[in-house]
Amino acid sequence: MEMALTGKVAVVTGASRGIGAEIARELARGGCAVALAARSGDELRARAAEIVGAGGKALAHVADLREPGAPAALVEAAVAAFGGVDIVVANAGATKRGDFFALSDADWQDGFALKFFAHVRLARAAWPLLKARKGSLVTMGGTSGRKPHASFTIGSSVNAACAAFSKALADLGKEDGVRVNCIHPSLVETERQWRRIRAEVERSGEPEATIRERLCRETGITRFGTVDDVADLIAFMVSARASWLHGATIDLDGGEIPVL
Ligand SMILES: NC(=O)c1ccc[n+]([C@@H]2O[C@H](COP(=O)([O-])OP(=O)(O)OC[C@H]3O[C@@H](n4cnc5c(N)ncnc54)[C@H](OP(=O)(O)O)[C@@H]3O)[C@@H](O)[C@H]2O)c1
């Protein structure tokens, strides 16, 4: 399907690995110039170099997006390199799991600093540019925002907040011509899930296949998602093909969410 992404400028956070790296690759394959952001300079530069090596345009912007000024600096860097911004994918996120009573205020602040406030600051900084080009913004949530659980209190709260923020911003987007949507993926094959599986293998002594099977069964899915599953949907969501998709929160979840 032709997505008409050629010549667009995209900003993707959390693009050094996992879901964000594949979103950056997919948008670049579609013809976008991509500004990638994360903290790990070597990994990030390697991702950008892969895109450039494949004939695309990419900028590696190394930053800790929890810092209040970092999202605006990222937007400035994208404009300096590529002349504007059409697409923002606020993907970076990391929230600590575990017993609610073992989580500190610092853990909560850390989770919200990256996955909520960085999204808010990025949207605020990019908005005039998105408005000028009738662009599109996607925030990354997670199914725990719709199906919260006790072992993931921070992540569940942050993901629900991301969806609410997107919905609120979509209202403004109707006036300004900026499409805003959110996506809630279920479990996706990335380093964060592999860490979780390895920890469970060590704790239980059970084989990895058993842990994976149990995680899928408990989650209500038949397989983990792939980074391509997510990147393909995002490429559609930010493209002109999705011009009537606005204010939506899409569960990309292999059937996890069992309710309407
Ligand atoms: N994987 C899943 O099962 C799943 C399910 C639902 C939702 N999600 C959401 O999808 C998003 C991506 O998840 P993922 O699994 O791809 O995660 P990941 O593999 O852990 O990658 C996270 C990305 O965010 C970057 N990042 C982390 N802290 C940062 C900071 N302070 N400043 C800037 N960048 C930072 C990381 O790079 P550096 O460490 O180099 O900074 C990395 O590029 C997250 O928002 C996550 O909550 C994931």
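1. The expected span of a helix is 1.5 Å times one less than its number of residues. This note applies that rule to helices of a predicted model. For H6, with 14 residues, the rule gives 20 Å, and the end C-alpha atoms are 20 Å apart, so the two values agree. Glycine 205 follows H6 and has a positive phi, near 75°.

2. Helix H5 covers residues 153-176, 24 residues in total. The distance from its first C-alpha to its last is 34 Å, close to the 34 Å expected at 1.5 Å a residue.

3. The ligand is surrounded by 28 residues. The closest of them are Ser16, Ser40, Asn91, Lys115 and Thr190. By class, this shell divides into eleven nonpolar, eleven polar and six charged residues. Three helices each supply at least two residues of the shell: H1 (18-29), H4 (105-133) and H6 (191-204).

4. Asparagine 91 places a backbone N or O atom 2.7 Å from a ligand oxygen atom. Lysine 115 has a polar side-chain atom 2.7 Å from an oxygen atom of the ligand. In glutamine 193, a side-chain N or O atom is 2.8 Å from an oxygen atom of the ligand. On its own the ligand has 880 Å² of accessible area, and the protein covers 95% of this.

5. The next point concerns aromatic rings. A pair of aromatic rings is described by the distance of the centres and the angle of the planes. With centres required to lie within 6.5 Å, the count is five aromatic pairs.

Notes
Residues numbered from 1 in each chain as written. Predicted model: local features only at pLDDT ≥ 70, side-chain atom pairs only at ≥ 80, totals over all residues. Heavy atoms only, no water. Helix = DSSP H or I, 4+ residues; strand = E, 2+ residues; numbered from the N terminus. Near = heavy atom within 4 Å. Polar contact = N/O pair within 3.5 Å; in protein donor to acceptor, adjacent residues only side chain to side chain. Areas by Shrake-Rupley, 256 points an atom, 1.4 Å probe, with all protein chains shown as cover. Nonpolar A, V, L, I, M, F, W, Y, C, P; charged D, E, K, R; others polar. Phe/Tyr/Trp six-rings, centres within 6.5 Å; stacked < 30°, edge-to-face > 60°.
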